[in-house]
Amino acid sequence: MCQNPLEIRENPTAPFEKEAPLRLEIGCGKGDFVTQLSVRDAEYNYYAMELIDDVLVAAVEKYAVSRGLGKLGVYGGWEEPDGTLHKEPWDIPLAKRGNVRFIRGDAKTLCEIFPDGTFDMIYANFSDPWPKKGYEDRRLTAPAFLALYARLLKDGGTFCFKTDNVGLFDYSLETVGASPFEIVFETRDLHASERAVTNIMTEYERNFSEKGMKIHCLEAVIHK
Ligand SMILES: C[S@@+](CC[C@H](N)C(=O)[O-])C[C@H]1O[C@@H](n2cnc3c(N)ncnc32)[C@H](O)[C@@H]1O
């Protein structure tokens, strides 16, 4: 977990040990994607946001255990691998927290947490499709969300989106196409595309592709 949101707004790199460009994953689920990406592309710092408490706690612990950073204490707090117990997350030295910070929150509040132009990349993987009429504005590729991402990204920053859901992908191609973003990559079969070798699978992606479903992906760049 990370510091006070007011501190983050003043300086989004403050909660990290090293200065580095920032990436954001929205709706990180149990954290497989950001955990792997943050090791492979270790020259970045990462924020991962998740709406649901229990899911976020699972993500934090998975990340920390996989990086040898400790685990949740049996009676609360955070236990380092050597048994040192910290009551509050901000008591843990930055050097012992790796390059990912997790935030429990709703994507619609992102601009209250981060200043404009914070991120190089924003990822939204397998977000809820909200297929029923009247719920379109909850989709993470609805125009209001794209406007948030456009603010939060640097000039030339990229929004990356993956889904198994054909209806959501069609909708997203339309909304992103009508936004200031430029679509630079799109595929309806990611695992058969040129991106397959560099693709990192999420929990949902593994599940869906094991069932034979095709993974759709788009990447879009913002020019400010
Ligand atoms: C279908 S799951 C996908 C999880 C993960 N990204 C994956 O691909 O395995 C979508 C996740 O997004 C979270 N989520 C949905 N709406 C959100 C929002 N507005 N802000 C933050 N997280 C959200 C949900 O709680 C859920 O954990």
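1. Helix 7 (203–210) gives the most to the shell around the ligand, with three residues. Helices (H or I, at least four residues) and strands (E, at least two) are DSSP runs, numbered from the N terminus. This is a predicted model, in which local features need pLDDT of at least 70 and side-chain atom pairs count only at pLDDT 80 or more, while totals for chains, interfaces and linings use all residues. Residues are numbered from 1 along each chain as its sequence is written.

2. The ligand is surrounded by 19 residues, and the closest are Gly27, Gly29, Phe126, Thr202 and Tyr204. A residue is near a molecule if its C-beta atom, placed from the backbone, lies within 6 Å of it. Strand 2 (45–50), like helix 7, supplies at least two residues of this shell. By type, the shell divides into nine nonpolar, five polar and five charged residues. Here Ala, Val, Leu, Ile, Met, Phe, Trp, Tyr, Cys and Pro count as nonpolar, Asp, Glu, Lys and Arg as charged, and the others, Gly among them, as polar.

3. The protein chain is divided into domain 1 (1–109) and domain 2 (127–224), with bounds from an automatic or database domain assignment. Each domain gives at least three residues to the shell around the ligand. The centres of the two domains, taken over C-alpha atoms, are separated by 24 Å.

4. Nine residues of domain 1 are in contact with seven residues of domain 2; contact requires C-beta atoms, placed from the backbone, within 7 Å. On the side of domain 1 that touches domain 2, the largest share, four residues, comes from helix 2 (residues 32–40). That side of domain 1 is made up of four nonpolar, three polar and two charged residues.

5. The protein chain has seven helices and 10 strands. Three strands form an open antiparallel sheet in the order 3-4-5, where pairing needs at least two DSSP bridges between two strands. Strand 3 (71–72) and strand 5 (85–86) are the edge strands, each pairing on one side only. Strand 4 (residues 78–79) is joined to strand 5 by two bridges, and Trp78 has His86 as its bridge partner in strand 5.

6. The radius of gyration of the protein chain, 17 Å, agrees with the value near 17 Å for a compact globule of 224 residues; it is taken over C-alpha atoms, and the globule rule is 2.2 Å times the number of residues to the power 0.38. The C-alpha trace spans about 50 × 40 × 35 Å along its principal axes.

Conventions. Two residues are in contact if their C-beta atoms, placed from the backbone, lie within 7 Å.
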